[in-house]
Amino acid sequence: MQRFIIEGGKKLFGKVSISGAKNSALPIIAASLLTAKKVVLDNIPDLVDVRTMIELIEYLGAKVEFARHTIKIYTPKLKRIDAPYDIVRKMRASYYVLGALLARVRRAKVSLPGGCAIGPRPVDLHIKGLRTLGVDIDIEDGFINAQTSKLVGREVNLQGTKGTSVGATINVMIAATGARGKTVISSAACEPEVVDVADFLNAMGFDVSGQGTHTIIIKGQASTRDVEYTIIPDRIEAGTFAVAAALTRGRIIIENCCPDHLISILDKIEEAGGKVTKGDRTVEVVGCGRKQAINIYVAPYPGFPTDMQAQFMALLSITAGTSTIRETIFENRFMQAVELMRMGADITIKGDTAVVNGVKKLSGAYLMASDLRASASLVLAGLVAQGQTVVRRIYHLDRGYEKFEIKLRGLGARIKRQRE
Ligand code: UD1
């Protein structure tokens, strides 16, 4: 296992280039299985999760080349229709092959992903949506067994108890490309990654409209063509560097990002006292001396993203006054709080709300990362803590941040990776 050693107290200055979005890349790689034509995907981040998705589609029969952030995928024929537990266990997003396999060969067997560190993660909306399109689904021995003689376009409502679902919207949208007739998804998720998948499907030759709104329409069964497509930048990685600038009172120019996708995040940076200047594909964030307590309410896009609340918790830990973070999407997503408290943070969790009383300083400590975004929060806290911080189990972080410590070092941070 590997860990980060961080010497805190350096302000971060300079430019950082944002990688492609993990949460677009994963479903788009899976959706490449829809076609026997050639697919070329650019701006693919080199992440452990991306390697896992490649392993899965190769297992299913795809021929894949991945070099310098470009993937070439060619699947003239599928060899298998199952996603085994060993792969799904490593990465929940493996379930995206379900929609693609159903659309292409009408059968799929995908291991149930189960819960994870951030709480229970049901797949009922995926199953409901696919059943509405005419798929027979049995759950047996921990697998979703799905088959259909024909997919039929219908109205599918994907409203869940926690709001919209990114995963279910994308899976049903991908499956619906193989349906006869028109599918109308209502209560669809509006996240930029959903729009990216829809745009990719259109580039392949399918007919998807309404992406970015709560109603997406898919007119199924088109013939596909060779496609080259560029993935959008990762808004969560960009947001994490914005927090790094505010937290260390530095100045970071975030390049190759999409400022329009960052509005709710940058609003909170400004509210907390940071200075933000947006360009076409860049954002400059200056961490001013004066920071202010804020209240964060997590909500589906365009609301404040659940994937950014852990990083903001690190910032608010040393922001004078009392801030609150209300997490409405996942039940157990304050795992970073206990570790931040070991650094001296003053945080109380009351149900779905974290109350953060800003302290003057954090102290370096031995920390254990629990999930992807919590890991980023601990690294950020280590950057401002007095003394040395050790963050263990950084394999979580490697699932979603490309060359994180190298990018931070480029901004002046003192951080190194070490084998345990
Ligand atoms: C995706 C992102 C993840 C992000 C999350 C919310 C990927 C690979 N992951 O996860 O980084 O934190 O969106 O923005 O893109 N739900 C159900 N039933 C379902 C599906 C979801 O009740 O069938 C619930 C979930 O438990 C959660 C809420 O709906 O409470 C939103 O989940 P969803 O948007 O589906 O998250 P993911 O797609 O898994």
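## Strands around S13

Two strands count as paired here if DSSP finds at least two bridges between them, and strands themselves are DSSP runs (E, at least two residues) numbered from the N terminus. This is a predicted model, where local features need pLDDT of at least 70, side-chain atom pairs count only at pLDDT 80 or more, and totals for chains, interfaces and linings use all residues. Residues are numbered from 1 along each chain as its sequence is written, and side-chain values use heavy atoms, leaving out hydrogens and water.

Strand S11 (residues 182-186) pairs with S13 in the antiparallel sense over 5 bridges, with Lys182 opposite Lys219. Strand S12 (residues 207-209) also runs antiparallel to S13, joined by 3 bridges, and Ser209 sits opposite Ile217. S12 and S13 make a hairpin with 5 residues between them, and Gly210 in the turn has a positive phi of about 90°.

As for S13 (residues 215-219), Ile216 and Ile218 point to one face and are buried (under 20% relative accessible area, 1.4 Å probe, protein chains only).

A polar contact is a pair of N or O atoms within 3.5 Å. A polar side-chain atom of Ser165 lies 2.6 Å from a ligand oxygen atom, and one of Asn23 lies 3.2 Å from a ligand oxygen atom. Pro122 brings a backbone N or O atom to 3.3 Å from an oxygen atom of the ligand. Taken alone the ligand exposes 740 Å², and the protein buries 89% of that (Shrake-Rupley method, 1.4 Å probe).

Technical notes. A polar contact is a pair of N or O atoms within 3.5 Å; within protein, one must be able to donate a hydrogen and the other to accept it, and residues adjacent in sequence count only if both atoms are side-chain atoms. Buried means under 20% relative accessible area, exposed over 50%, partly exposed in between (1.4 Å probe, protein chains only). Helices (H or I, at least four residues) and strands (E, at least two) are DSSP runs, numbered from the N terminus.
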